[in-house]
Amino acid sequence: MTHADLRSDTLRHLEFSLGKDLPHAHVYDVRMALSLAVRDRIITPWFASTRAAYAARGKRVYYLSMEFLIGRLLEDAIVNLGLMDEARAVCESCGFDFATVLANEPDAALGNGGLGRLAACFLDSMSTLGCPGHGYGIRYEHGLFQQRFEDGVQIEEPEEWLRQKHAWEFERPEVMYGIAFGGHVRDHDGRRVWEPDEQVLAKAHDTPVIGWRGRWANTLRLWGAEAVHGFDLAAFNRGDYMGATAPEALARTISRVLYPDDTSDAGKELRLRQEYFFTAASLRDILRRFCGEHEDLAALPRHVAIQLNDTHPAIAGPELIRLLHDEHGMDFDTAEDTARGCLGYTNHTLMPEALERWPEWLMDRVLPRHLEIIGRIDEGHARAHPHRNAHILSDGNVNMGELSFIMAHKVNGVSALHTDLVKDTVFAELHRLHPDRIVNQTNGVTPRRWIVAANPALRKLVGDTIGPRWVSDLERLSELEPHVDDAGFMDAYAAAKRTNKEALARWLRETQGVTVNPAAMFDIQIKRIHEYKRQHMNILETIALWNAIREDPNGEWTPRVKIFGGKAAPGYVLAKEIIHLINDVGRVINADPVTRDWLQVVYPPNYNVTMAERLIPAADLSEQISTAGKEASGTGNMKFAMNGAPTIGTLDGANVEIRERVGAENFFLFGMTAPEVVARRTVEGHAAQAIDASPRLAQALEQVASGVFSDGDTDRYRGVVDNLRHHDFFVVCSDFDGYWDAQRRVDAAFRDPAGWMRMAALNTARSGWFSSDRTIRGYMAEVWDIAPLIAPASD
Ligand code: 26M
């Protein structure tokens, strides 16, 4: 297709789909028309992929996830289809700036963070590799809340991405399932029959997911909830206008909003309903497709691989047994084995408060038949392993981790360290009973979005240097390595970084009203705010550095801009206090004429995928400073490394593997190891001891406590300060001096621009292994037992 085609198709859509003529078109109209014209070009490969998967009669993958953090889709589609120049020309010929058109698309924030973004990267890789499959999730009307700051305090506002038409989805009113809740289970001739007392309809909405160069496309199918009887006419006729729409409003609640907690289990009935709603609809859809193609349900595991993205869809185990046994008459044990043959479970966290447990009474009220089935699974497991000490049902709770483990044929962690810890801690007992079940699949990220789309300057340089094949074969980035000794290449590499930093500086000036020096080090920490991620350690180090510069204003300092981004769960009081502190510290430090040229703090609100795409390519330093043993993997760490930002970090999650690959000399390591952290916590008064040993830390903490950053208010940061002084579960104090020292090594290294750029370039050249294509190949071979349906790309 040529530019002329794309232009005439865009104008045709503008006229006939949007009902506008060009002179009256707003940027919204042009964005929608271009999206539809681009979408048209996805349809043929999409249909072809569907036909190929059908013809192969082979296995398909179903990725069940409560979250798909896909962000904007237009640029992604344009990049994958190779339409960048054409699309730009179309916009310009219509009198619109291309970037402005792209920026008009809302960022689809159907996820909280790492887990949801991983699901989105996996969809991209499955389509690039030709792995036939579907993503299944919820079409939330409101994605993750929008964040703004009022006097430095986080304020949450509803997210409204569906206020405009969603350009990429196809509504499928013909694909609709009734999902049942509540009621009772009765005995009918020795059979257990569930008689629910409520039904909600699940309606499918499909978004095509196009792979690299449009060679394959899978489907993301999101379920929206609707009422069986949408409108109560009798109530309306009585004049009860509110009551008339009540059934619809109630049913729709299920897909209304994404739960904004990413670590602690909310334990809310609506959350359980969401989980069952999308899992049950997905399984019905999977069985319908299977039964259209095959006869014998016993063959299900040969044709169906279902991956559970954390325990959120864990009800899939009991639900699949219920469908096979209660509804299709398979005997219980065969049904259980069949379900297990299909299911895989990915664990994303070791944090005890994040492991889902549902009270039995609640499960009984919402899903009474499932609770019975779970009891039977637990008894069966107990019979097979009489001396076991792992229970699905315990203390009146249903443990969703244990349920997922027992119902899956493979369980995986998301980095080498995390998988080892899964084996040694949360699932130690189950691992002993099932020693072949746990495998590792280290996370990855898609280079199409995180380099090709987000970093055009680097994309061009890499392409010019090693040709085009690296995009679908990222290990080829290693071909850059010989060029790090080539001055011409290194100048170009530095120029690309500089371009990105200038673009970020421009954006910060235009949108935040802050001026930063693009020659300064851009030191970036972007992720959800959580004590274990230790943003407060970063801000304390910032305060200590500010003190040090003020004491010696003529010393040899390295100019830095510390950039933060991230949201706190609305109910997480301490995380919100940390946000407030970062903003307060920024306000004070940024106003100090003595340090202004050396140190700045910037915290743009409402961090999301789009902001990540802007920040990561412009980063000099990647902050990955979690308490060792707490961050399952991290994926931002990989995006930074690829984009040429060396890491300052602990031996946690995938940092360990990043360091092994980029080389210890290109990574700023500090901090205790996971076992050292565990040991340190047993030392009585470890925090006080560390503070006493570190005058820098003591001073910074005292400044926070005494109101230096809060206009003399000594109450504002009592929570954080008392926690650090007296508990400090995440060992911020004990790791502080190591962090400070590592930062000074960073300072020294950055003062040698050539040495620094060499380090950055080696991070890019050696991070090809962190492509999610490699991760998906691992799942295909070791979990799903499935082969790609297209040959590896040769260009
Ligand atoms: C649970 C219950 C109720 C409401 C919300 C939740 C919930 C939602 C998201 C719990 C956890 C959620 O996400 C956890 C997560 O994002 N984990 C991250 O997963 C990444 C991908 O594997 C890893 O890289 C990160 O280390 C890990 O923190």
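How many of the residues in the shell around the ligand are nonpolar, how many polar and how many charged? Here are my notes; keep in mind that this is a predicted model.

1. Let's settle that opening question. The shell splits into eleven polar residues, seven nonpolar ones and six charged ones.

2. Now for who sits where. There are 24 residues around the ligand, and those that come nearest are Gly-114, Leu-115, His-348, Ala-632 and Ser-633. If you go by elements instead, helix 6 (residues 114-129) gives the largest share of the shell, with three residues.

3. Where does the ligand lie relative to the domains? Residues of the shell come from domain 2 (57-68 + 112-441) and also from domain 3 (447-671 + 737-769), so the ligand lies between these two.

4. Nine strands make up an open sheet with mixed pairing, and their order is 7-10-11-4-1-12-13-17-18. At the edges you'll find strand 7 (170-181) and strand 18 (438-440); each has a single partner strand, so one side of each has no neighbour in the sheet. On average, neighbouring strands here are turned by 25° against each other, if you ignore direction.

5. Zoom in on one pair. Strand 12 (residues 304-309) and strand 13 (residues 343-346) run parallel and are joined by four bridges.

How values were computed:
Residues numbered from 1 in each chain as written. Predicted model: local features only at pLDDT ≥ 70, side-chain atom pairs only at ≥ 80, totals over all residues. Near = placed C-beta within 6 Å. Helix = DSSP H or I, 4+ residues; strand = E, 2+ residues; numbered from the N terminus. Nonpolar A, V, L, I, M, F, W, Y, C, P; charged D, E, K, R; others polar. Domains from an automatic or database assignment. Pairing = 2+ DSSP bridges. Axes fitted to C-alpha atoms, helices over the stretch in contact; angles between N-to-C directions.
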